[in-house]
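Here is a friendly walk through one protein model, written for someone seeing it for the first time. Have a look at the picture, then read on.

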Amino acid sequence: MLTIKLDLGNTPSVLAALSDSRNAQLVANAAAESYVDDTLDWIQSGQAFEGHTGQLEQSINWRPESGGVAEVFANAAYAGYVEFGTRPHVIEPKPGRKGLKIPVSTGGGFIIRRRVNHPGSKAHPFFFADQDNREQHAQERGLLVLALRAVT
């Protein structure tokens with residue numbers, strides 16, 4: 001799982017406007033939602049990876065904590081492998097299994113292997129990519145939410 005905590009309540013430019021802890025939490029929540037939106041936009045624009053099932057995109061979300069902190073996460077088990085890539089490694093069957101069942105592209109059949117030398121995979125950053133711009137956008141959106149709340 002990949003996580004990032006947005007704690008905008010401690011940012012000096014925001015601190016003066018956040019004397020009320022409820023406001024700090026509103027700003028953090030808006031910032032987290034903005035970060036998720038920017039991450040999904042980055043993926044959909046083709047700057048990250050080409051998704052096949054949509055499972056990774058669906059695993060990207062956020063949750064409020066307390067004290068002006070919100071957590072953004074991608075909880076797909078393989079999210080870190082996509083973000084950072086992998087080195088070459090050996091894949092072996094799970095304990096109690098005799099081999100790996102690998103689909104063949106032609107004919108629709110399978111082959112069985114006792115082990116496979118995986119060449120590794122290239123990193124396709126999506127979660128931490130363009131982080132400075134995302135955090136700036138998140139902070140601006142959080143302050144906008146705070147301003148709108150003050151007006152209503």
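First, some ground rules. This is a predicted model, where local features need pLDDT of at least 70, side-chain atom pairs count only at pLDDT 80 or more, and totals for chains, interfaces and linings use all residues. Residues are numbered from 1 along each chain as its sequence is written, and side-chain values use heavy atoms, with hydrogens and water left out.

**The layout**

The protein chain has 5 helices and 7 strands. Helices here are DSSP runs of H or I with at least four residues, strands are runs of E with at least two, and both are numbered from the N terminus. Read from the N terminus on, the order is β-α-α-α-β-β-α-β-β-β-β-α.

Of the chain's 152 residues, 34% count as buried. Buried means under 20% relative accessible area, exposed means over 50%, and partly exposed is in between, using a 1.4 Å probe and protein chains only. As for contacts (heavy atoms within 4.5 Å), take those between residues at least 6 apart in sequence: 68% of them join residues at least 24 apart.

**The core**

A nonpolar core is a set of buried Ala, Val, Leu, Ile, Met, Phe, Trp, Tyr and Cys residues joined through side-chain atoms within 4.5 Å. The largest one here has 21 residues, and those with the most contacts inside it are F49, L56, V72, A74, A79, F126 and F127. Two or more residues each come from β1 (2-6), α2, β3 (70-74) and α4. The biggest giver is α2, with 6 residues.

L56 touches F49, A76, Y78, A79, V82 and F126, if you skip residues up to four places away in sequence.

**The rings**

Rings of Phe, Tyr and Trp (its six-membered ring) pair if their centres lie within 6.5 Å; planes under 30 degrees apart count as stacked, over 60 as edge-to-face and the rest as tilted. That rule gives 5 aromatic pairs. One of them is F127 with F128, an edge-to-face pair at 5.0 Å centre to centre and 90° between the planes. Ring pairs also link Y35, F49, F84, F126, F127 and F128 into a cluster.

How do some of the residues in this report compare for burial?

| Residue | Relative accessible area | Class |
|---|---|---|
| F127 | 0% | buried |
| V72 | 0% | buried |
| D38 | 15% | buried |
| F128 | 29% | partly exposed |
| V104 | 29% | partly exposed |

**The pocket**

A pocket is found on a 1 Å grid over the protein atoms alone: it is an open set of points where a 1.4 Å probe fits, with protein on both sides within 12 Å along at least five of seven lines, and lining residues have an atom within 4 Å of a point. The largest pocket holds about 240 Å³ of space, counted as the space filled by probe spheres set on the points, which are joined across faces, edges and corners.

Which residues line the largest pocket? They are Y78, Y81, V82, T86, H89, I91, H118, S121, K122 and H124. Two or more of the lining residues come from each of α4 (79-84) and β4 (89-91).

**A few single residues**

D38 lies in helix α2 (residues 21-44). Leaving aside its neighbours within four places in sequence, D38 is in contact with R134 and H137.

G120 is in the loop between β7 (116-118) and α5 (131-151). Not counting residues up to four places away in sequence, G120 touches T86, R87 and P88.

V104 belongs to the loop between β5 (100-103) and β6 (110-113). Its contacts, with residues up to four places away in sequence left out, are G109, F110 and I111.
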